[in-house]
Amino acid sequence: MADAPYELTIDGPGRNALGTAVMQKLLAGLREGGGRPLLLRGAGDTFSAGLDLKEVASLDQPGMERYLLLLDDLIDALYGYAGPTVAAVNGHAIAGGCVLALCCDLGVMRDEASLRIGLNEVALGLEFPPKILALARRRIPPRWLERVVLGAALYPPGTARELGFVDEIAPDCVAVARQRLATLAAHPPRVYAATKRAIHHGVLDLSAEERSHFRETVVPAWCGADTKARIRAVLERRR
């Protein structure tokens, strides 16, 4: 008999923005899930608006490194989760929110033309942390990778499916995601976990050079005056 499914909700201020407290709560939720079939969704009508830019704008360099390493830990935990994982992308999934959807084995997005998903880091002037770029290389089809990453656009559901952000779109994405999760959960759990582990092996491992680049280039750039000014401008526009 398959284990009962476990639903984990991204729930926080700023349209479920990924601040430190929200990421710590998600990590705790993944530990609690214990490998049971897992459905990831957002609270309310948003999946996640991405990183908490208010927090990012406030961080000094040591704080920024801790914040981005926490994000890395969350990516590792979700991508490496032993059981089946399905993202019910029930609203906007921007930047970090999109990353969490890409960590899941399958993604189902709500079929509503106004919704958007994408990796818009370049448009914000944020250099990709190496682990996120490694995930994008794995999950986005090669022919679309440069368009998705360098174009830094946000896409509606139909285009998102074509580009590989999600696998399906449906008016009731949560119901369909639960169905897809049940199908995956029907497979023998030990074999599913072992096969998933083999497929994912090494994908998110960083070389010494990439780790050095993260510490010496990416983190300082995220703390730079120009970057902070762009982030503050985005926050002003959102008011």
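**Exercise 1.** How many helices and strands does the secondary structure of the protein chain come to?

*Solution.* The protein chain has 12 helices and seven strands, taken as DSSP runs (H or I of at least four residues for helices, E of at least two for strands) numbered from the N terminus. The model is predicted: local features need pLDDT of at least 70 and side-chain atom pairs pLDDT 80 or more, while totals for chains, interfaces and linings use all residues. Residues are numbered from 1 along each chain as its sequence is written, and side-chain values use heavy atoms, without hydrogens and water.

**Exercise 2.** Determine how helices α4 and α6 are oriented and which residues join them.

*Solution.* Step 1: the axes of α4 (residues 61-79) and α6 (residues 130-139), lines fitted to C-alpha atoms over the stretch in contact with angles from 0 to 180 degrees between N-to-C directions, come within 10 Å and cross at roughly 30 degrees. Step 2: the two helices are therefore roughly parallel, the term for angles under 35 degrees. Step 3: in this contact (heavy atoms within 4.5 Å), α4 contributes L71, D72, I75, D76 and Y79, and α6 contributes K131, I132, L135, R138 and R139.

**Exercise 3.** Describe the largest nonpolar core.

*Solution.* Step 1: a nonpolar core is a set of buried Ala, Val, Leu, Ile, Met, Phe, Trp, Tyr and Cys residues joined through side-chain atoms within 4.5 Å, buried meaning under 20% relative accessible area with a 1.4 Å probe, protein chains only. Step 2: the largest core has 68 residues, of which L40, F47, L100, L119 and F165 touch the most other members. Step 3: α4 supplies its largest share, nine residues.

Methods:
Parallel < 35°, antiparallel > 145°, perpendicular 65-115°, else oblique. Buried < 20%, exposed > 50% of the residue type's maximum accessible area, 1.4 Å probe, protein only.
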